[in-house]
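Dear colleague,

I am passing on the structure below, together with my notes on it. Please read the notes with the coordinates open beside them.

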Amino acid sequence: MSPADEVTTTALALPPPPTAEEVFRDYAPRIYHLARRMLGNDADAEDVTGDVLMQVVRKLHTFRGDAALPTWLHRVTVNAALAHREKRASRAKHETAVGDENVLDSGPADPPGAVRLNRPKVKDTPADVVLAQEQRKLIEAAIARLPGPFRDVYVLADVEGTANPDIAEMLGLSLSAVKSRLHRARLRMRELLAPHFEPDTATGGNDR
Amino acid sequence: MTPLTCEELNALLEDILNDEVELHVRAEVEIHLSRCPHCGGLVASCRATITITRALSNAAPPLPADLEARLRKRCAG
């Protein structure tokens, strides 16, 4: 085979599109957890996950290799969750008075209790942190206390690792609005989680 | 070089957390953080909160079996 033939063969050997089973196995948990964090309850997250999975399965033949799939799935899930919440809010408006979603609650953090969080070392990346089930629950509960507009930005930025300009585009916000919401959400999350951190031996535990 | 006040440090908090502090104030930020236990603690605990939250994405826990079964049924139908 000449080098030219080899290049042609390699270029043509695109991987086949993923199967529905592969999508289910590799992506369904991520879709569900993202939707659940944004919507704050299991039933709505299940609805959105079902809708998103059905859309993906219908379009599977258009994906060659799955490099574009995670990004597309992420975007579709965010859009579906936002649309779901809008539908729910307009239904709620007819039924009950809706609270001000733009106000961060200032209630106290849960008492530290038995769940403690190991303070990551300065050099630790998120990949170095291993969370036990009860620690995950504690963090998820703190996220759930953020009102929707703050939660969306926080989840996309600090759980999903999405860049601020991309969040602005996804949520239809200005970049400065994203930064401002993220700032307030981060301070609130710190307020809720800091009491659970093990004392910081390096700085003498100066958290407040 | 004028030392930063705690209020000025607080205004730079997002830039500090995102490692986007402009070069000309970086040294002042470092000095303030090393001398002020309040701001040093605030930045450290904000960083720890972000790192620990980001770790939620390390491995998504599997779906509960009954939920998985319902979703599979819905997709198959």
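This is a predicted model: local features need pLDDT of at least 70, side-chain atom pairs count only at pLDDT 80 or more; totals for chains, interfaces and linings use all residues.

Residues are numbered from 1 along each chain as its sequence is written, and chains are lettered from A and ligands numbered from 1 in the order in which they are written.

Chain A has eight helices and zero strands, where helices (H or I, at least four residues) and strands (E, at least two) are DSSP runs numbered from the N terminus. Of the 208 residues in chain A, 30% are buried; a residue is called buried if 20 or more other C-beta atoms lie within 10 Å of its own, exposed if 12 or fewer, and partly exposed in between, with C-beta atoms placed from the backbone. Among contacts in chain A between residues at least 6 apart in sequence, 69% join residues at least 24 apart, a contact meaning that the two C-beta atoms, placed from the backbone, lie within 7 Å.

The domain assignment of chain A gives domain 1 (12-89) and domain 2 (126-196), with bounds that come from an automatic or database domain assignment. The C-alpha centres of these two domains of chain A lie 20 Å apart, and their contact takes seven residues from domain 1 and nine residues from domain 2. On the domain 1 side, the elements that give two or more residues are H2 and H4 of chain A, and by class that side has three nonpolar, one polar and three charged residues. For these classes, Ala, Val, Leu, Ile, Met, Phe, Trp, Tyr, Cys and Pro count as nonpolar, Asp, Glu, Lys and Arg as charged, and the others, Gly among them, as polar.

Chain B is built of five helices and zero strands. Its radius of gyration, taken over C-alpha atoms, is 21 Å, whereas a compact globule of 77 residues would have one near 11 Å, by the rule of 2.2 Å times the number of residues to the power 0.38. The C-alpha atoms of chain B fill a box of roughly 70 × 20 × 20 Å along the principal axes, and buried residues make up 25% of this chain.

Between the chains, 30 residues of chain B are in contact with 40 residues of chain A. Helices H2 (13-17), H4 (37-54) and H5 (65-76) of chain B each give two or more residues to its side of this contact, and H4(B) provides the largest share, 14 residues. By class, that side of chain B has 17 nonpolar, nine polar and four charged residues.

Leaving aside residues up to four places away in sequence, Tyr154(A) touches Ile143(A), Leu146(A), Leu182(A), Ala185(A) and Met189(A). Leu138(A), which has its place in helix H5 of chain A, is buried because 21 other C-beta atoms lie within 10 Å.

Best regards
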